[in-house]
Amino acid sequence: MARTRPDITVPDLTGRLAVVTGASDGFGLELATRLAGAGAEVIMPVRNRRKGEAAMASIRERYPYAVLSLRDLELSSLASVAALADTLRAEGRPIHLLINNAGVMTPPRRQTTADGFELQWGSNHLGHFALVGRLLPLLRDGRARITSQLSISANQNAINWDDLNWEKSYNGGRAYSQSKIAFGLFGLELDRRSQAAGWGVTSNICHPGIAPTNLLAARPEINRDKDTFGVRVIRALSRGGVLTGTVPTAVLPALLAATSPDARGGAFYGPSGLGGLSGAPAEQPLYSRLRGEEEARRVWRISEELTGVTFPAALVA
């Protein structure tokens, strides 16, 4: 008997403007597809225009009347983040949904962003922090739902406060965990500050469990010349329906968090199956590393200092 895969019903999003980072493949492409299929206009900021064009074509194969557009974005460059924000602010359209999905995972050797930050810290967290800050006027105009994609790695390791850029001793997996823990703390603190200051935006966080994507595949741009053993195992398990999900099922927590009228700000969504690896999406208890509000405020202060992007004053101690 064929396994029944979980799914959710996405509400009608006609008239809504959505922005999805990392929409050229993997989770981001599936998210953009589902949002477009529900009637949203989707802006797809991409680092590779050729992949972006192919992604739009694949969405239109399923939804011929999808309203899509590409923008340029390299999250590892604060100048690129600022340029995208300037473009969208010049267009002046309220943003109703922002899914911070793009990411890079475990380069085999330490790499840095254009601004000198360790690549995962700089792209996964600081780039998205700067993007939200620079887009905040449009997000406020749209009373936006902001959903930030974490990883089960946010339940491992810790923030390396004494060496945020991993200059003394690099460990790719620990650096990845740091980027996702910080990103989660930011997403939760964003909701608290919005509520305190009346920004009108709602922020929540999610994780996809485990599913086969290109994060651990061969990626020449981060000097990974072949697929990792881990991704080969994940693909095999996914094909057999063992523990892991598929790309269409793994995006459901983000889709639920971003679109459901019942999804809450400050909440954490993930798969509800064994170990949170797969299964139907549902609200989940916060990982222990995401519960510290003082740590969240510390991440916020450091992120403002490092990116030069500040948010309006909020009534937060």
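**Strand partners**

Reply: In strand E7, the residue opposite Cys206 is Tyr269. Please bear in mind that this is a predicted model.

Me: How many bridges join E6 to strand E7, and in which sense do the two strands run?

Reply: Strand pairing is read from bridges, with at least two needed for a pair. Here E6 and E7 (residues 268–271) run parallel and are joined by two bridges.

Me: Which strand is joined to E7 by four bridges, and in which sense?

Reply: That partner is strand E8 (residues 281–284), and the two run antiparallel. Within this pair, Ala282 of E8 is the residue opposite Gly270.

Me: With which strands does E1 pair in the parallel sense?

Reply: E1 pairs in the parallel sense with strand E2 (residues 41–46), over three bridges. E1 also has a parallel pairing with strand E4 (residues 97–100), again over three bridges. Val19 has Ile43 in E2 as its bridge partner, whereas Ala18 faces Leu97 in E4.

Me: Why does Pro45 count as buried?

Reply: Pro45, a residue of strand E2, has a relative accessible area of 3% and is therefore buried. Beyond the residues up to four places away in sequence, Pro45 touches Val19, Val20, Thr21, Gly22, Ala23, Arg71, Leu73 and Leu84. One of these, Gly22, is 23 residues from Pro45 in sequence, yet the C-alpha to C-alpha distance is 6.9 Å.

Me: Is Ser203 buried or exposed, and what is its relative accessible area?

Reply: Ser203 is buried, because its relative accessible area is 0%. This serine belongs to strand E6 (residues 202–206). With neighbours within four places in sequence set aside, the contacts of Ser203 are Ile146, Gly187, Leu190, Asp191, Gly265 and Gly266.

Me: What share of contacts in the chain joins residues at least 24 apart?

Reply: Among contacts between residues at least 6 apart in sequence, that share is 72%.

**Helix packing**

Me: How many helices and strands does the chain have?

Reply: There are nine helices and eight strands.

Me: How do H1 and helix H2 pack?

Reply: A helix pair is described by the distance between its axes, their angle and the hand of the crossing. The axes of H1 and H2 (residues 49–62) are 10 Å apart, at an angle of about 40°. H1 is therefore oblique to H2, and the crossing is right-handed. Leu29, Glu30, Ala32, Thr33, Arg34 and Ala36 of H1 make the contact with Ala55, Ser58, Ile59 and Arg62 of H2.

Me: Why are H3 and H4 described as roughly parallel to each other?

Reply: Angles under 35 degrees count as roughly parallel. The axes of helix H3 (residues 78–91) and helix H4 (residues 119–141) cross at roughly 20° and come within 9 Å, so the two helices are roughly parallel. Their crossing is right-handed. Residues making this contact include Leu78, Val81 and Leu88 of H3 and Leu126, Ala130 and Leu138 of H4.

**Positive phi**

Me: Does Trp166 count as buried or exposed, and what is its phi?

Reply: Trp166 has a phi of about 55°, a positive value, and is not a glycine. This tryptophan is also placed in the loop between E5 and H5. Its relative accessibility is 6%, so Trp166 counts as buried.

How values were computed: Residues numbered from 1 in each chain as written. Predicted model: local features only at pLDDT ≥ 70, side-chain atom pairs only at ≥ 80, totals over all residues. Heavy atoms only, no water. Axes fitted to C-alpha atoms, helices over the stretch in contact; angles between N-to-C directions. Parallel < 35°, antiparallel > 145°, perpendicular 65-115°, else oblique. Left-handed = near helix turned anticlockwise from the far one by under 90°. Contact = heavy atoms within 4.5 Å. Buried < 20%, exposed > 50% of the residue type's maximum accessible area, 1.4 Å probe, protein only.
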